[in-house]
Amino acid sequence: FIPDHNIEWDIAPLPTVYADPTFLHLAMFNLLSNAVKFTPQGGKVEIGLLRRGDDAVVRVSDSGPGIAAGEVDLVAKRFYRSDKSRRDPGLGLGLSLVAAIVKLHGFRFSISPGPGCVAEIVGHRIAA
């Protein structure tokens, strides 16, 4: 249940990637939790499953305050909390867990700085 947020989905046919579904579910849960947590009331959260060439891309974006360019690498480290998020509940583990799951699978994880947050997990297609 996500109160007072607009949720949009964009789902495209994806190439097959091999991954642990439980871990990917956990990564998605953490990305969505962050998006909802940092999006103001009435804001927008977008979830996209996209195809980029042979890669599958999971994109979660929101209309929250975003992450400063100097903190993009830091937010994926365990226990890091930005000064502007210290008043919010949490331990600073969500994005570090996403980064660890992505690394375990040999995928890529990126966060775009600026207002609103755009986080992407890019999974490479494994040739059969």
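**Terms and values**

Tutor: Read along the sequence, the protein chain follows the pattern β-α-β-β-α-β-β, with two helices and five strands. Helices (H or I, at least four residues) and strands (E, at least two) are DSSP runs, numbered from the N terminus. This is a predicted model, in which local features need pLDDT of at least 70 and side-chain atom pairs count only at pLDDT 80 or more, while totals for chains, interfaces and linings use all residues. Residues are numbered from 1 along each chain as its sequence is written, and side-chain values use heavy atoms, with hydrogens and water left out.

Student: Why does Glu-71 count as buried?

Tutor: Buried means under 20% relative accessible area, exposed over 50%, and partly exposed in between (1.4 Å probe, protein chains only). Glu-71 has 14% relative accessibility, so it counts as buried. Glu-71 is placed in the loop between E3 and H2, and its C-alpha atom is separated by 9.9 Å from that of Ile-111, 40 residues apart along the chain. Of the 128 residues of the protein chain, 36% count as buried.

Student: What makes strand E3 largely enclosed by the rest of the structure?

Tutor: Seven of the eight residues of E3 (residues 55-62) are buried, so the strand is largely enclosed.

Student: How do you know that the length of helix H2 agrees with its number of residues?

Tutor: The expected span of a helix is 1.5 Å times one less than its number of residues. The 12 residues of H2 (residues 94-105) should therefore span 16 Å, and the end C-alpha atoms are 17 Å apart, which agrees. Among the buried residues of H2 are Leu-95, Val-98, Ile-101 and Val-102, and what covers the buried residues of H2 includes helix H1 (21-38), strand E4 (108-112) and strand E5 (118-124). Just after H2, Gly-106 takes a positive phi of about 75°.

Student: What makes a set of residues a nonpolar core?

Tutor: The term means a set of buried Ala, Val, Leu, Ile, Met, Phe, Trp, Tyr and Cys residues joined through side-chain atoms within 4.5 Å. The largest such core has 20 residues, of which Leu-31, Ile-67, Val-98, Ile-111 and Ile-121 touch the most other members. At least two residues of this core come from each of H1, E2, E3, H2 and E5.

Student: Which residues does Ile-121 touch?

Tutor: Contact means heavy atoms within 4.5 Å. Not counting residues up to four places away in sequence, Ile-121 touches residues including Ala-27, Leu-31, Val-58, Val-98 and Phe-109. Among contacts in the protein chain between residues at least 6 apart in sequence, 62% join residues at least 24 apart.
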